[in-house]
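This report describes selected cavities, sheets and contacts of one protein structure.

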Amino acid sequence: MVSLPLVVIALLPFTLAAHQPDVRVVHAPIVRRSHSNRVANLPKAVEALRKKYGYEATNSNVRSTNSKRASTAAIPITDEENDSSYSGVVSIGTPPQNFNLVLDTGSSDLWVATTSCTSCGSDVPNFNPSKSSTYKATSSLLELDYGSGSAQGIIAQDRVTFGSFEMSQELLAVTNITSGLIDDGLSGIMGLGFASISGLQTTPFWEALYNANDLSEPLFSFYLERYVNQPNQISAAPGGMLTLGGTNSSLYQGSIEYMNLTGPPSYWLLSVSSVTVQGKTITVDPPSGLAAIDTGTTLIGAPTPIAASIWAQVPGSTELAGDWQGLYAFPCDTNVTVHISFGGTNWAISPLDMNLGTLNDTMIGNANTTSQMCAGGIFDIGIGSTPAWIVGDTFLKNVYSVFRASPAAVGFAQLASGLSSSTGPSDPNPVQVTGLTPLPTSTCASSSGSTTSGSTSSGSISSHKNIAVSLTLLASVAGCFTLFL
């Protein structure tokens, strides 16, 4: 259990760093949620990720209404029952109702659970359309298929605020979801992919800001915290920073290495050129290297032959079977060192992120082992689908990542000294960052949909007001932590 004073201390740097040099740049704190059944849920996470990108057909008869993508892949979503997810506060409606939504570069739709959702759990905060004077429902229904389930609802429009940006946005007001599709405390997803893969067939929030020239720079960037090496499970913790419309120089060092997207904008696609494991380099042919860079996925999925080659370099590793097929285990006392390249720098993945936790005898099955075995962070996603790789947070926690609209590219930079670097242990408390913009006052919304005032629109904001709003946010989030704990 994490004490409230420790949480307040961890959040204090975000409060003190309240200066806003450019109102068109928003720095949004990210909350990370962990689950105590991380290892037990790995088979379900792997299956969902394969379905998410169309590696195998779902067992249900549900089909996506997004005809543009139905022939190739299901519409992607974050698997909420995986190791973790990263969310930010998004406000919907007038007056604003605040919700924690998963920030996902592997999808492009905005959706939120509503008070009409009879299948949503009691711990899922719901949006109440009747309390928003700007909510406009259409007569169109939409059902979206995801790897781990489906969401159905009404296509609607309302005011959406993220940081200091506000606009009218099309969204899916969800009335029914598959059990377990979203986790406790989360209410939906904000997709950060391109419009071409939108199930709503609309322009995502970030891309609409870019099209309207509302961003200082045509990009957004992520720093993701690491807690995988902490001995105690943490239900929610400060998870890093999303900067919308720019980068945060306090979070990285050196230059940002950009790689142009492979193909037209859809997912954020790069090409893996090589992987180095325990000092042995594995060259990846271009047809087998196409990779989606996905903040909504915890693991790294690699094509079958490459996954086998990767784990062949780790002494004592073995492929699991049954429900665990596709996952690999290795002796827990082995540090698995991995570097991945997209045609430039060999970026290191921390051994901490390659170790997902210990396996029991039932999970290992008939594997002939004499050591305590742990699950690995790279798994066999299969072959024959596009993209061939899914590169998630197992990698992204080790770099500062930048997603640029024009020219379309993804960039990576080395994390600033003191952050969750790829070498050595990480600090459970975030280091000080600068340039934080005030968010709408965060509330732990009930299922009836709590409303708050205190949202801000683009414009000139004094540093004194920034500090005041940030202190209010700190107090509110600290209050939420008492509920999570």
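A search of the whole structure finds 2 cavities of 30 Å³ or more. A cavity is a set of points on a 1 Å grid over the protein atoms alone where a 1.4 Å probe fits but cannot get out, and its lining residues have an atom within 4 Å of a point. Grid points are joined across faces, edges and corners, and a volume is the space filled by probe spheres set on the points. The model is predicted: local features need pLDDT of at least 70, side-chain atom pairs count only at pLDDT 80 or more, and totals for chains, interfaces and linings use all residues. Residues are numbered from 1 along each chain as its sequence is written, and side-chain values use heavy atoms, with hydrogens and water left out.

The second largest cavity has a volume of about 30 Å³. Its lining consists of S108, D109, L110, Q169, M190, G191, P204 and F205. By class, this lining holds 4 nonpolar, 3 polar and 1 charged residues; Ala, Val, Leu, Ile, Met, Phe, Trp, Tyr, Cys and Pro count as nonpolar, Asp, Glu, Lys and Arg as charged, and the others, Gly among them, as polar.

Two open sheets are summarised below. Strands (E, at least two residues) and helices (H or I, at least four) are DSSP runs numbered from the N terminus, and two strands pair if DSSP finds at least two bridges between them.

β12 runs antiparallel to β15 (residues 290-293), joined by 3 bridges, and S271 stands opposite L290 in β15. Contact means heavy atoms within 4.5 Å.

T337 lies in the loop between β18 (328-331) and β19. This residue is partly exposed, with a relative accessible area of 33% (buried means under 20%, exposed over 50%, partly exposed in between; 1.4 Å probe, protein chains only). Not counting residues up to four places away in sequence, T337 touches T276, V277, Q278, G279 and P351.

Terms used: 1 Å grid on protein atoms, 1.4 Å probe; cavity = no way out; pocket = protein on both sides within 12 Å on 5 of 7 lines; lining within 4 Å.
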